[in-house]
Amino acid sequence: MIERLVPAHVASADTYDVDAPAGTLYPEEEQLIAASVDRRRHEFAAVRACARRAMATLGLPPAPVLRGVRGMPLWPAGTVGSMTHCDGYRAAVLARDTEVRGMGIDAEPNAPLPPGVWEVISLPSERARISVDVKDPTVHWGRLLFSAKESVFKTWYPLTLIELDFSEADITFHGDPDTATEGTFTAELLRTAPGMPTSYAGKWLVEDGFAVTSIVLSADAPV
């Protein structure tokens, strides 16, 4: 699924089989989850197995994916990547830094947000454009908005190391809200950082019970 949301030069891998063997972790990775419960250990290993499949697609040897500040993945030198996982789905994307400057993907269950979350994550401008009170919606737009903002954060934070609040990205979805199950979105950032663009283009897809979003910032993207 994730391969439909990234360009051809971005390697991707995903899995729905959360009960399959997750793969072998490097000792450095094992240390990161030594005290974790089995479910978290499997999730951690499974998404890194996806990451190593993406490395192989780029012709790179397998390597550990450790964690930096705020838990951001630390990718092999010369690469840019992103990972996501939710119940029933794990995915990773990877590209060479000569082609991609920043990247963020996120997957969420296509289900209503918990009570009170919509008001926290959305701006008045977004609430004016998006209706979450649709009977039996194919797309749960509140959840998709949350996913899009996560993709924005995953793109922005590794490049700036600056926290970005939900209120600092204004998302506009493109596509018929009554019929579309995939499309594009634009994120306008309401804060700035040196050398960073304030507008980001993304893609979204709702399929098989998941809402998935992506942003790929090309290496030559204007600032």
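Biologist: In which sense do S4 and S5 pair, and over how many bridges?
Modeller: In this predicted model, S4 and S5 pair in the antiparallel sense, and the pairing runs over eight bridges.

Biologist: Which residue in S5 is the bridge partner of Val 80?
Modeller: The partner of Val 80 is Ala 95 in S5. Another facing pair is His 85, which stands opposite Arg 90 in S5.

Biologist: What lies between the two strands S4 and S5?
Modeller: S4 and S5 form a hairpin, with two residues between them. Gly 88 sits in that turn and has a positive phi of about 95 degrees.

Biologist: How many of the eight residues of S4 are buried?
Modeller: Seven of the eight are buried, and S4 is thus described as mostly covered.

Biologist: In what order do the strands of the sheet come?
Modeller: The order is S1-S5-S4. These three strands form an open sheet, and their pairing is antiparallel.

Biologist: Why is one side of S1 and of S4 left without a neighbour in the sheet?
Modeller: S1 and S4 stand at the edges and have a single partner strand each, so one side of each strand has no neighbour in the sheet. On average, neighbouring strands of this sheet are turned by 10 degrees against each other, direction ignored.

Biologist: Which strands of the sheet does H2 touch?
Modeller: H2 packs on the sheet and touches S1, S4 and S5. The direction of H2 makes about 35 degrees with that of S5.

Biologist: How many residues does H2 have, and what does it reach from its first C-alpha to its last?
Modeller: H2 covers residues 38-57, which is 20 residues. It reaches 29 Å from its first C-alpha to its last, close to the 28 Å expected at 1.5 Å a residue. After H2 comes Gly 59, whose phi is positive, near 80 degrees.

Biologist: Which residues of H2 are buried, and what covers them?
Modeller: The buried residues of H2 include Phe 44, Val 47, Cys 50 and Met 55, as well as Glu 43, Arg 48 and Arg 52. Their cover includes strands S1, S2, S4 and S5, together with helix H1.

Biologist: Turning to H1, is Glu 29 buried or exposed?
Modeller: Glu 29, found in helix H1, is buried, with a relative accessible area of 0%. Leaving aside neighbours within four places in sequence, Glu 29 is in contact with Phe 44, Arg 48, Arg 52, Pro 64, Val 65 and Leu 66. Among these, Phe 44, Arg 48 and Arg 52 also belong to the buried residues of H2.

Biologist: A change of topic: which residues touch the most other members of the largest nonpolar core?
Modeller: They are Leu 144, Val 152, Trp 156, Ile 171, Phe 173, Tyr 200 and Trp 204, in a core of 32 residues. The elements giving two or more residues to this core are helices H3 and H5 and strands S7, S8, S9 and S10. H5 gives the most, with nine residues. Apart from this core lies another, of 18 residues, among them Ile 2, Leu 5, Val 80 and Ala 91.

Biologist: What is Val 152 in contact with?
Modeller: Val 152 lies in helix H5 and is buried, with a relative accessible area of 3%. Leaving aside neighbours within four places in sequence, its contacts are Leu 164, Ala 169, Ile 171, Ala 187, Leu 189 and Ile 215. The C-alpha atoms of Val 152 and Thr 213 are separated by 9.4 Å, although these residues are 61 residues apart along the chain.

Biologist: And which residues does Ile 171 touch?
Modeller: Not counting residues up to four places away in sequence, Ile 171 touches several residues, including Leu 145, Ala 148, Val 152, Phe 185 and Ala 187. Its partners also include Glu 126, Arg 129 and Lys 149.

Biologist: How many aromatic pairs does the structure hold?
Modeller: It holds nine. One of them joins Tyr 16 and Tyr 89 in a tilted pair, 5.2 Å centre to centre, with 55 degrees between the planes. This pair links distant parts of the chain, as Tyr 16 is in the loop between S1 and H1 and Tyr 89 is in strand S5, 73 residues apart.

Biologist: Are Tyr 16 and Tyr 89 buried or partly exposed?
Modeller: Tyr 16 is partly exposed, with a relative accessible area of 37%, whereas Tyr 89 is buried, with 0%.

Biologist: Which residues form an aromatic cluster?
Modeller: Trp 141, Phe 173, Phe 185 and Trp 204 form one aromatic cluster.

Methods:
Residues are numbered from 1 along each chain as its sequence is written. This is a predicted model: local features need pLDDT of at least 70, side-chain atom pairs count only at pLDDT 80 or more; totals for chains, interfaces and linings use all residues. Side-chain values use heavy atoms; hydrogens and water are left out. Helices (H or I, at least four residues) and strands (E, at least two) are DSSP runs, numbered from the N terminus. The expected span of a helix is 1.5 Å times one less than its number of residues. Buried means under 20% relative accessible area, exposed over 50%, partly exposed in between (1.4 Å probe, protein chains only). Contact means heavy atoms within 4.5 Å. Two strands pair if DSSP finds at least two bridges between them. Axes are lines fitted to C-alpha atoms, for helices over the stretch in contact, and angles run from 0 to 180 degrees between N-to-C directions. A nonpolar core is a set of buried Ala, Val, Leu, Ile, Met, Phe, Trp, Tyr and Cys residues joined through side-chain atoms within 4.5 Å. Rings of Phe, Tyr and Trp (its six-membered ring) pair if their centres lie within 6.5 Å; planes under 30 degrees apart count as stacked, over 60 as edge-to-face and the rest as tilted.
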